[in-house]
Amino acid sequence: MSTSPETTIAGALTPHHDRCFVCGPCSPAQVELDLRCPGEEGIVGDVVLDARHQGVPGIAHGGAIAAVVDEIAGSVLTRLGVRFVTASLTTTYHAPVMTGERLTCSAWIESTVGRKRTVVVELAGAAGRVVTGRALCVDVPEEHFTRLGLGSEVTDLFGR
Ligand SMILES: CCCCCCCC/C=C\CCCCCCCC(=O)SCCNC(=O)CCNC(=O)[C@H](O)C(C)(C)COP(=O)(O)OP(=O)(O)OC[C@H]1O[C@@H](n2cnc3c(N)ncnc32)[C@H](O)[C@@H]1OP(=O)(O)O
């Protein structure tokens with residue numbers, strides 16, 4: 001748990017389910033991710049992709065980076081209590097992300113139109129910006145999950 005006065009995502013979402021592919025402690029690919037909420041909206045943090053996430057040896061896999069972008073974008077919304085799914089995700093790779101490289105991230109809501117929210121995620125290394133992601137997230141009713149046979153194990157996760 002962070003000792004900063006900022007709210008941590010882990011604290012805000014606890015108990016978060018432990019099998020999440022990106023952030024879950026039971027995931028063999030769990031990404032080192034430390035997200036904080038400096039204000040009313042948006043989040044900042046640190047992320048490190050390691051050898052489990054490489055594509056080209058020594059360089060983080062673009063798909064792994066996209067998963068992290070989706071996770072961070074989703075965290076912006078879940079902390080606001082928004083029940084959503086990602087409808088579309090675009091990831092622009094400005095420069096290689098080396099495995100073991102510590103990145104800073106920042107993410108915020110760029111626009112809200114009806115049920116659609118666009119969340120921007122920026123990742124930067126010591127030399128500057130490396131990735132810009134945009135997630136189009138669509139608000140969904142609880143029935144989106146219950147009609148799939150999913151219950152409170154999913155619906156209770158939002159808004160923590
Ligand atoms: C499971 C969520 C995560 C749980 C988190 C728990 C807490 C965890 C804590 C920590 C953060 C973790 C963060 C994790 C993040 C991961 C998020 C995911 O991976 S979500 C799984 C992958 N995504 C799907 O499974 C969607 C599948 N697609 C659908 O279900 C539907 O297509 C859906 C709901 C997106 C839209 O279907 P409709 O029938 O409800 O609505 P229509 O009318 O089609 O669309 C609404 C509006 O959106 C536009 N739209 C829909 N899809 C679009 C697209 N691909 N591109 C552009 N626009 C699109 C449409 O044009 C429409 O716009 P107009 O209102 O007319 O202006």
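## Basis and overall fold

Helices (H or I, at least four residues) and strands (E, at least two) are taken here as DSSP runs, numbered from the N terminus. On that basis the protein chain comprises 4 helices and 7 strands, which follow one another from the N terminus in the order β-α-β-β-α-β-β-β-β-α-α. The model is predicted, so local features need pLDDT of at least 70 and side-chain atom pairs count only at pLDDT 80 or more, whereas totals for chains, interfaces and linings use all residues. Residues are numbered from 1 along each chain as its sequence is written.

Of the 160 residues in the protein chain, 26% are buried, where buried requires 20 or more other C-beta atoms within 10 Å of a residue's own, exposed 12 or fewer, and partly exposed a count in between, with C-beta atoms placed from the backbone. Two residues are in contact if their C-beta atoms, placed from the backbone, lie within 7 Å; among contacts in the protein chain between residues at least 6 apart in sequence, 60% join residues at least 24 apart.

## Confidence

The pLDDT, which is the predictor's confidence in each residue from 0 to 100, averages 89 over the protein chain, and 89% of the residues score at least 70. Over residues 1-15, however, the pLDDT is below 50, although this stretch has 24 contacts in the model beyond near neighbours in sequence. Where pLDDT is low, the predicted coordinates should not be read in detail. The model scores ipTM 0.93 and pTM 0.91.

## Nonpolar core

A nonpolar core is a set of buried Ala, Val, Leu, Ile, Met, Phe, Trp, Tyr and Cys residues joined through C-beta atoms within 7 Å. The largest such core has 30 residues, with Val 68 and Ala 73 making the most contacts inside it. Two or more residues of this core come from each of strand E2 (32-37), strand E3 (43-48), H2, strand E5 (102-113), strand E6 (116-125) and E7, and H2 gives the largest share, 9 residues. In soluble globular proteins, nonpolar side chains tend to be buried together.

Leaving aside residues up to four places away in sequence, Ala 73 touches Ala 107, Val 119, Val 121, Gly 133, Ala 135 and Cys 137. Val 130 lies in strand E7 and counts as buried because 21 other C-beta atoms are within 10 Å. With the same exclusion of residues up to four places away, Val 130 touches residues including His 94, Val 97, Leu 103 and Leu 123; Leu 103 is 27 residues from Val 130 in sequence, and their C-alpha atoms are 8.8 Å apart.

## Surroundings of the ligand

The ligand is surrounded by 19 residues, the closest being Gly 74, Val 85, Ala 87, Ser 88 and Leu 157, where a residue is near a molecule or strand if its C-beta atom, placed from the backbone, lies within 6 Å of it. Helix H2 (62-78), strand E4 (84-93) and strand E7 (128-139) each supply at least two residues of this shell, and the largest share, 5 residues, comes from H2. By class the shell has 8 nonpolar, 7 polar and 4 charged residues, with Ala, Val, Leu, Ile, Met, Phe, Trp, Tyr, Cys and Pro counted as nonpolar, Asp, Glu, Lys and Arg as charged, and the others, Gly among them, as polar.

## His 17

His 17 is placed in the loop between helix H1 (9-13) and E2, and it counts as partly exposed because it has 13 C-beta neighbours inside 10 Å. His 17 touches Gly 24 and Leu 157, not counting residues up to four places away in sequence.
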